Amino acid sequence: FKKLSRHTHLCGVLVIGGDNLGHTGVYQQLESRDGTDLVIATLGRLLHETFRKKVVLDHAMWIVVDEVDRMFSDEHHTAIHQLFEKALPKRQRQLLAFGAVLHKAVLTFGLKFVENELLVHCGKRNNPFIEHDVQLVPSQHKWFKLLQLLQDIKSDPNITDKRVLVFENTVTGVDALCWKLNSHNNNQPDPASRFPCTKCHAQLLGHERQQAIDKFK
């Protein structure tokens with residue numbers, strides 16, 4: 001925001017958990033005569049500061065929600081309701097919600113907070129070059145099934161691009177699977193049975209995520 005607004009008179013503050021906002025000058029900025037134009041915040045800390053009257057949303061005309069599939073999940077329903085109760089009525093404000101995946105439940109919940117909604121898709125929803133294959137595997141067999149699929153891809157001469165994306169539900173799951181694959185690689189004398197891997201998730205630093213992406217490319 002600082003880079004985009006450096007030639008304007010717009011002012012923004014960061015409100016996140018773990019910071020002593022009184023020592024960072026955020027409270028002083030929020031309480032100043034000019035106030036602030038933009039608040040960038042985590043959901044929990046923003047609600048905390050609205051309860052303390054440090055942040056007032058009575059005149060917030062724009063609300064932007066990123067990672068909407070996570071923010072509108074059951075885990076955050078109560079907090080999201082509380083947030084919008086403190087904002088302007090939906091006829092007087094605009095909600096922008098962004099997400100890579102928009103499940104039906106997420107859309108249904110989000111529609112409670114808007115009128116005259118508009119859904120925008122970027123890119124093709126159904127890629128004709130992607131073939132879907134669903135295999136039901138018991139939990140105790142998933143690891144061996146993954147190794148089998150990776151081996152099949154690696155040994156198939158008709159597959160020229162051997163890169164594989166594996167998704168996990170949690171950051172912990174990503175770390176554990178990456179460690180397990182690398183441990184497997186270290187115990188394989190035959191290079192044909194090794195599957196070099198890297199991990200990428202939100203808890204890595206920016207340069208670490210970029211290194212992972214560069215390796216995958």
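Here are some numbered notes on the predicted model above.

1. Ground rules. Numbering starts from 1 along each chain as its sequence is written, and side-chain values use heavy atoms, with hydrogens and water left out. As this is a predicted model, local features need pLDDT of at least 70 and side-chain atom pairs count only at pLDDT 80 or more, while totals for chains, interfaces and linings use all residues.

2. Overall layout. The protein has nine helices and four strands, where helices (H or I, at least four residues) and strands (E, at least two) are DSSP runs numbered from the N terminus. Along the sequence the pattern reads β-α-α-β-α-β-α-α-β-α-α-α-α.

3. Surface and contacts. The accessible surface is about 16900 Å², with 54% of that belonging to carbon and sulfur atoms; areas come from the Shrake-Rupley method with a 1.4 Å probe, and for residues only the protein chains shown count as cover. Of the 217 residues, 23% are buried (buried is under 20% relative accessible area, exposed over 50%, partly exposed in between; 1.4 Å probe, protein chains only). Among contacts (heavy atoms within 4.5 Å) with a separation of 6 or more, 61% come from residues 24 or more positions apart.

4. Strands S1 and S2. These two run parallel and are joined by four bridges; strands pair if DSSP finds at least two bridges between them. S1 (residues 12-15) has Val13 and Val15 on its covered face, with Gly12 and Leu14 on the uncovered one. Leucine 14 has isoleucine 40 in S2 as its bridge partner.

5. A nonpolar patch. Leu14 and Ile40 turn up again in a nonpolar surface patch of about 410 Å², together with Phe1, Leu10 and Leu38. Leucine 38, from strand S2 (residues 38-41), is partly exposed at 32% relative accessible area.

6. Helix H3. Buried residues in H3 (residues 43-51) are Leu43, Arg45, Leu46, Leu47, Glu49 and Thr50. Just past the helix, lysine 53 has a positive phi of about 65 degrees.

7. Histidine 201. This one sits in the loop between H8 (171-186) and H9 (206-216), and is buried at 11% relative accessible area. Leaving aside neighbours within four places in sequence, histidine 201 touches Val171, Val174, Asp175 and Arg209. The side chains of histidine 201 and aspartate 175 make a polar contact of 2.9 Å (N or O atoms within 3.5 Å; within protein, one must be able to donate a hydrogen and the other to accept it, and residues adjacent in sequence count only if both atoms are side-chain atoms).

Technical notes:
Patch = residues over 30% accessible without salt bridge, like charges linked within 9 Å, V, L, I, M, F, W, Y side chains within 5 Å. Salt bridge = Lys/Arg side-chain N within 4 Å of Asp/Glu carboxyl O.
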